Amino acid sequence: MRPVAAAACLSLSLAVAACGGPRALPPEAGYGPNPTLPVPARQIIPQVKVADAIGWPAGRMPTPAEGLRVQAFASGLDHPRWLYRLPNGDVLVAESNAPPKPEDKQGGIRGWFMGLFMKKAGAGVPSANRITLLRDADGDGVAEVKTPFLTDLTSPFGMALVGSTLYVANADAVVAFPYQTGQTRIDAPARKVADLPAGRNHHWTKSLVASPDGSRLYVGVGSNSNIAEYGMEEEAERAAVLEIDPATGARRVYASGLRNPVGIDWNPTSGMLWVAVNERDELGPDLVPDYMTSVRPGGFYGWPWSYYGQVVDERVKPANPDMVARALKPDYALGAHTASLGLAFSQGTLLPERFRSGAFVGQHGSWNRKPANGYQVIFVPFAGAMPNGMPIPVLTGFLDEEGRAMGRPVGVAFDGQGALLVADDVGNVIWRVSPAG
């Protein structure tokens, strides 16, 4: 496509996508165990409302909830996406973005437009393919050490340490490295543990968590499409959580029908695995809510044939009523098109009492909803092992007065003192949230 024609086509598509369409419900209608699920509003071109990514102007930062303060734990990073704390308190950050797609897996003109939209939202930068180590040795809440820890990776994302082995989930494989406490760089070559679904990599992030005893690894793998429009053969072992034996590399599908399971953590009360899932598009501004849910071994959660349990998606052909009948309803909706990516259950007693039993969720923010949704970090309170009540905003103010994105939160984790860390891939900052005063 010639540059002039491409620009004209993009402008026309943006204009078409940005106007018309159903009026959005209040954002809170898409939260909780029983979100509002309106009649689908099918769209050939999804409604587009891209928040231009501009970064943080001097003197600006997110707004913390009452009783909290926020500071930059580290800045000057390159698209920081995911966080992991080592036992000695060092924090690893995956600086990463999507890998190049094979020429025959671009997704045609639709994929081209989506790529331009994502670039406008700040997701078009090359991947640094690096994990950086941050160290706050004096405990003042600012990392005085920022150094490359692992380089020459392939769009790295999830990380997990088991004994003296550090596992990293690249976009195409889980790899392992030897680790010694306190080291600030690993130069040893990667050892492949298991291949992961790659190819088109429509959803490229691969989150990772180890079982409490370290005998298994669990990897979140997103779908290769919106609703399997490229065929189910491209979705093998996708839209799923995979269980991997690190000793042999053997893997199996632990749970399926999860369109894009990114955030992943163990519920400390129930011991069950939980994930935060990004749902499908092109059904209007209020469908389908992203969600967080406990993951049952062998469970099926609907994608692509149904959503939020057994609500049939009539666009998917051929229909599959047997699979719809198996679909489990998620535990808690996180709002439509919020791009809820980060998930971390409460740790420690540093934060105020109201944040000590529940889960923190990093919401990257919508690109296809008017008005915008997400662009915040929330806390979902729990009573025992299950969510209880509406979410509490923890960190807001990522959009400026003109609706531009100064930052976009992604991964969330805790530092050694119990403060919440938030990866901001547009601001290129790791924010630290702690008690005020």
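This is a predicted model: local features need pLDDT of at least 70, side-chain atom pairs count only at pLDDT 80 or more; totals for chains, interfaces and linings use all residues.
Residues are numbered from 1 along each chain as its sequence is written. Local features need pLDDT of at least 70 and side-chain atom pairs pLDDT 80 or more, while totals for chains, interfaces and linings use all residues, and side-chain values use heavy atoms, without hydrogens or water.

Me: Which strand gives the largest share of the lining of the second largest pocket?
Reply: A pocket is an open set with protein on both sides within 12 Å along at least five of seven lines, and lining residues have an atom within 4 Å of a point. This one is lined by 26 residues. Strands are DSSP E runs of at least two residues, numbered from the N terminus. The largest share, 4 residues, comes from strand 4.

Me: How many residues does the largest nonpolar core have?
Reply: Such a core joins buried Ala, Val, Leu, Ile, Met, Phe, Trp, Tyr and Cys through side-chain atoms within 4.5 Å, with buried meaning under 20% relative accessible area (1.4 Å probe, protein chains only). Phe355, Phe360 and Val394 are among those with the most contacts (heavy atoms within 4.5 Å) inside it. Strand 29 gives the most, 3 residues. The core's total is 24 residues.

Technical notes: On a 1 Å grid over the protein atoms alone, a cavity is a set of points where a 1.4 Å probe fits but cannot get out, and a pocket is an open set with protein on both sides within 12 Å along at least five of seven lines; lining residues have an atom within 4 Å of a point. Buried means under 20% relative accessible area, exposed over 50%, partly exposed in between (1.4 Å probe, protein chains only).
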